[in-house]
Amino acid sequence: MTRSDNSVVANPVYWPIEDGDWNSVAYFEAHGIPVKKIALNGVPHLYAIIGAETPEQAEETNRKIGNAARKQARDLQKRVEHETSYDALVEAGYDSAIDGDDPSELAAEMVVVEALCEELKSLTEEKKRLCKMIANKESERSVAKELGIAQTTLNGRKKKLLAELAESLKEYR
């Protein structure tokens, strides 16, 4: 399904495609973007080869893609190192009958917490401040004064923020 022609892309950016993601391959090829199998470190992977405007832009983009891939690998490694199994918990003395917590409920709760953390990362500084106000049970009056806005304005923004978060996390209810 990869292109076999030897088309050359000026200032190539190598966009990685997940193994087995044939929909992405079809998409790129349908839009005239060559897809090649390239072996890096002896392991072949599919890449869409997209042309950048300048060599500098291509180099910077490839560097950012590489950095993101390395960060993703490090994050995965950290997650694997910190994962534990139910059997390991039991061996360590965990007893759900005593604790009253169902491991499946704990796992589901962790998924929701991770989704919330991702949403919080994308908020503006003011919205993050509103979340801190709610979490720390600060008064709207003092935070409104700190932000230089009316308390009613802050209250409206808080309600809007909570509605936005509820909407973006509705699939976790």
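In this predicted model, V112 sits partly exposed, at a relative accessible area of 31%. That value just counts for patch membership, because patches are built from residues with over 30% relative accessible area and no salt bridge. V112 belongs to helix α5, which runs over residues 103-121. Together with V111 and Y172, V112 makes a nonpolar surface patch of about 210 Å².

Turning to the aromatic side chains, the structure holds 1 aromatic pair. The partners are Y27 and F28, with ring centres 5.8 Å apart and planes at 75 degrees, so the pair is edge-to-face; the cut-off for that label is over 60 degrees. As for solvent, Y27 is partly exposed, its relative accessible area coming to 49%. F28, on the other hand, is buried, with a value of 12%.

The largest pocket has a volume of about 780 Å³, and 24 residues line it. Nearest the centre of this pocket lie P16, L40, H45, Y47 and A69.

Conventions:
Residues numbered from 1 in each chain as written. Predicted model: local features only at pLDDT ≥ 70, side-chain atom pairs only at ≥ 80, totals over all residues. Heavy atoms only, no water. Patch = residues over 30% accessible without salt bridge, like charges linked within 9 Å, V, L, I, M, F, W, Y side chains within 5 Å. Areas by Shrake-Rupley, 256 points an atom, 1.4 Å probe, with all protein chains shown as cover. Salt bridge = Lys/Arg side-chain N within 4 Å of Asp/Glu carboxyl O. Helix = DSSP H or I, 4+ residues; strand = E, 2+ residues; numbered from the N terminus. Buried < 20%, exposed > 50% of the residue type's maximum accessible area, 1.4 Å probe, protein only. Phe/Tyr/Trp six-rings, centres within 6.5 Å; stacked < 30°, edge-to-face > 60°. 1 Å grid on protein atoms, 1.4 Å probe; cavity = no way out; pocket = protein on both sides within 12 Å on 5 of 7 lines; lining within 4 Å. Points joined across faces, edges and corners; volume = space filled by probe spheres on them.
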